[in-house]
Each structure stands twice: as C-alpha cells, then as structure tokens.
Amino acid sequence: MLLTAAPATAAPDPATETEHVVTAGETLSGIANRAKVPLVAIAEANGLAEPYVVKLGQKLIIPRQRVHVVKAGDTGFAIGFQYGVPFSLIAQANGIASDAVLKVGQRLIIPAVISNPRPIEITQPSFRRPHDGPVILGWRRRPDGGGHEGVDFRVKDGDMVRAAASGTVIFAGKAPERFGNLVVIDHGNGWHTAYAHLQKVTVKKGETIRAGERVGLGGHSGEATGPELHFEVRQNGQPVDPAPLLGLKEGG
C-alpha cells in the first residue's frame, strides 16, 4: 500500500513574517538578523529586557518599520513627532545617541511601536481647550494610520493660545514645514500636547508652564492655508483623539 505524503506547509519567510514562534536553539539576535529588524525593536514590541532570553514555542511580534531620509532642518524630536515614535527608540534602532547630530540624506529606520504587553499605570492630566474658536477640522484616523491626528481650531492672527494642561516645554521653535512654529509640552506619565501653526512662540524649552498660560500667538505658519491652531495630544508617543479629553462636541 502506497502512502500519499501530506503536502508540505510552506515555512514563513523570516524577511516578511510579523509573528515568529521560537524554535529550538534560536536566539533573539538570530531571529532579528533573519527578520532584518533591529533586535531592540523586537525586544520593545514584546516587553523583553536584557539579556533578551527567548523560550521554545514563545510567540514574538516582529514589528516592521519604515525608513526616513533626513532632510534639511530635521531634528530628532520632529522626526519622532512625525511618525508617532519617541526618538529615543528611533535612536536605539539605528545605533546612534539620542542627541546625535543628524546629516542630510541619512537613512533612519523607524521602528513600529506596539503597546507594551506589561501593564503600565498612567495618570491622565485634566485637559482644557487651548483656544475658544470653533473646530474647523476634527480627528480623522484611517485604518492605515494616516489621516488627521488632532483638532484644528479657527483663530485670528495674534490670538492667545493657551496650555491645555500644566507641564514642561520640551520643544519651542520652528518645526519642519508642515507644522511651522510649534510648541510641545510634556505633562508627565507619557502625556504630551502640541500646538502648531503659531504666528509666534512665547515660551522657551525647559520652561514650566501652568494650564491656561500663554504658549504662543495664533497664526498660519507652516503648511496652514489660513489662521488656525493645530492641536494634538499624544500618550506614550501615540496620537489620541483630543475631542473627548476637551469635552468637544461634533462641530466644536
């Protein structure tokens, strides 16, 4: 009696798989090399700490990443803000210091950031509106991660823009073209807010500011087509819809 061999199951391609089951003898370093994904990116995605021991049968998320080519005027913060990934992780993924001087044309791997499976307790700040004008464009997030990651308020040139919560200014100045004059505030516990398209920045990096205090003047710098305030909230580097946090109704 002849036995018909069962069709072989194609092994996953290490260069494209997004999940990997650890086999005998494998190390995280070897898995990272075959997947062509930085070891630190896989470790961060799976909540692994040094010495990065993996176990037989363990399922690992393999985060695929994007590549950013540094342009004139780019800063580490601006690149991290653009992709929603803390620049400290980008620096680790590329083997550079977090305060390294970036060169035009330099290619940076942007690691995918996946929620850390370890529970993290986060205290949420109490946010208030940064401006009283009507909302002209709200949160529009697409499944592919694109869209509009904030709320745009209609302002007049020179209007006061206020801090949505107390915190420390970590960026105050001219960002890449899209945002123009920008202020970013660190509120602690992974929470940040950003205020873009300002006519003028009125705070300095490192300054402690209270909720409701002025951070800048409304304007239309960067890619704004008219006077507006683009406002964003981020939690652990990930964009969050500001509307519920500000108590905004549909249409502002």
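**Reading burial in a predicted chain**

Tutor: Of the chain's 252 residues, 43% count as buried (under 20% relative accessible area; exposed is over 50%, partly exposed in between, with a 1.4 Å probe and protein chains only). This is a predicted model, where local features need pLDDT of at least 70, side-chain atom pairs count only at pLDDT 80 or more, and totals for chains, interfaces and linings use all residues. Residues are numbered from 1 along each chain as its sequence is written, and side-chain values use heavy atoms, leaving out hydrogens and water.

Student: How many helices and strands does the chain have?

Tutor: Helices (H or I, at least four residues) and strands (E, at least two) are DSSP runs, numbered from the N terminus. Here there are five helices and 17 strands.

Student: How do I read a helix, say helix 2: what is buried there?

Tutor: General idea to begin with: an α-helix has 3.6 residues a turn, so residues three or four places apart point the same way. Helix 2 spans residues 39-46 and is mostly covered, with six of its eight residues buried. Those are Val 40, Ala 41, Ile 42, Ala 43, Ala 45 and Asn 46.

Student: What do the buried residues of helix 2 pack against?

Tutor: Contact means heavy atoms within 4.5 Å. The partners are helix 1 (28-35), strand 2 (59-61) and helix 4 (87-94). Just past helix 2, Gly 47 has a positive phi of about 65°.

Student: And why does His 197 count as buried?

Tutor: His 197, in strand 12 (residues 191-198), counts as buried because its relative accessibility is 7%. Beyond neighbours within four places in sequence, its contacts include Arg 178, Phe 179, His 220, Glu 223, Glu 228 and His 230.
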